[in-house]
Amino acid sequence: MTKPSIAVEQEGDTARVIVSGEMLTQSLSGVEDAFGATRPDAAHVTVDMSEIDALDTGGAWLIADLKNRCSAMGATVAFDGLKPAHSALLETVSENIPKDIPAEAPPKGFMPWLESLGQSTVGAGRDTMSILGFLGLTLHRLGRTMIMPWRLRRAAVVSQMEETGFKALPIVALMGFLIGVVLAFQGATQLKQFGAEIFVVELISISVLRELGILLTAIIVAGRSGSAFTASIGSMKVQEEIDAMRTLGLDPIEVLVIPRVLALLIMLPILGFVADIAGLFGGALMSWIDLGVSPGMFITRLKENTSVWHLAVGLIKAPFFAMVIGVIACWQAMQVKGSAQSVGQRTTASVVQSIFMVIAIDALFSIFFSEIGV
């Protein structure tokens with residue numbers, strides 16, 4: 001077996017690149033760097049292939065890539081000693097090799113940065129319009145399903161309720177319990193300084209019922225169920241199952257998106273309520289252990305000083321959080337471009353965007369309820 005090699009002979013504006021040996025994929029590792037470093041500074045380049053004993057696709061790719069580099073530098077390239085069999089293979093590879101070679105390093109300076117900023121801004125605007133259109137399409141399908149309930153896929157809704165709701169109960173309850181414990185412990189540490197330990201009940205109840213219970217539940221659901229929505233629908237997009245649905249006359253929004261969004265709309269308020277109860281229980285337990293506030297005293301102060309509106313304020317947010325999580329997760333899945341890497345990227349983006357939007361909406365609700373005095 002003759003090892004492949006490359007040599008350059010240059011005289012003035014003419015260069016001769018001599019390629020020899022067996023240019024086979026399994027033996028190219030020793031000459032890949034040499035091929036990549038070969039950049040003849042000449043107006044006319046001749047590639048001598050008369051000494052090539054064997055050639056396959058890998059070898060033809062190296063030679064075609066060399067030709068493209070020389071042409072990009074303004075040189076005219078010709079082949080010498082090219083065998084007919086090798087000529088057909090080289091022509092096929094040349095037609096399919098990428099013509100645009102990416103820059104080795106990104107350009108630096110103000111104008112390239114400004115161009116990149118403009119492209120990012122346009123892309124963000126395009127994505128915003130796309131997701132708003134997807135939200136409108138989802139709301140339209142939801143409205144149509146309410147008007148024509150026989151179109152609803154009940155089995156899919158129940159299945160998604162189990163996945164997004166019932167299976168999430170343990171982690172949500174544990175999270176709520178621990179949040180109550182932490183609030184009671186931290187609150188007690190500060191309130192002891194003023195002899196106001198008894199007010200830890202109001203601290204726990206208002207914090208958990210109005211904000212932390214439903215907010216942290218939505219964040220957990222976004223990370224747990226939202227990512228699952230994007231990954232599952234995205235995988236179907238990669239395998240062209242969504243295109244197959246359209247071919248069969250099925251609406252992917254109605255089949256895939258509506259059951260998931262409905263399941264979240266039903267289950268997120270329930271999960272939020274469970275988190276509230278678990279948070280109050282954890283806070284009451286820690287108050288009893290650390291401050292000596294008996295369960296009876298805790299319940300009495302909870303009834304006397306905590307309005308039912310605190311619970312209502314938290315649960316009113318739940319459907320909005322559910323809609324945002326479901327729409328973002330399914331929209332990101334529909335943007336998958338046909339590879340496993342794209343599924344992973346879209347799943348990550350789905351979780352990040354959902355959590356950001358949940359926190360932003362929670363902030364807007366806080367301002368709104370504060371302005372109306374609730």
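The model is predicted, with local features requiring pLDDT of at least 70 and side-chain atom pairs counting only at pLDDT 80 or more, whereas totals for chains, interfaces and linings use all residues. Residues are numbered from 1 along each chain as its sequence is written, and side-chain values use heavy atoms, without hydrogens and water.

Four strands form an open sheet in the order β1-β2-β3-β4, with mixed pairing; strands (E, at least two residues) and helices (H or I, at least four) are DSSP runs numbered from the N terminus, and two strands pair if DSSP finds at least two bridges between them. Strands β2 (residues 14-23) and β3 (residues 44-55) run parallel and are joined by 9 bridges, with Thr14 opposite His44 in β3.

Helix α2 (residues 57-72) lies across β1, β2, β3 and β4, at about 180° to β3. Such angles, from 0 to 180 degrees, are taken between N-to-C directions of axes fitted to C-alpha atoms, for helices over the stretch in contact, and contact means heavy atoms within 4.5 Å.

A nonpolar core is a set of buried Ala, Val, Leu, Ile, Met, Phe, Trp, Tyr and Cys residues joined through side-chain atoms within 4.5 Å, buried being under 20% relative accessible area (1.4 Å probe, protein chains only). The largest such core has 49 residues, and Phe134 is among those with the most contacts inside it. Helix α11 contributes the largest share, 14 residues.

Key
Buried means under 20% relative accessible area, exposed over 50%, partly exposed in between (1.4 Å probe, protein chains only).
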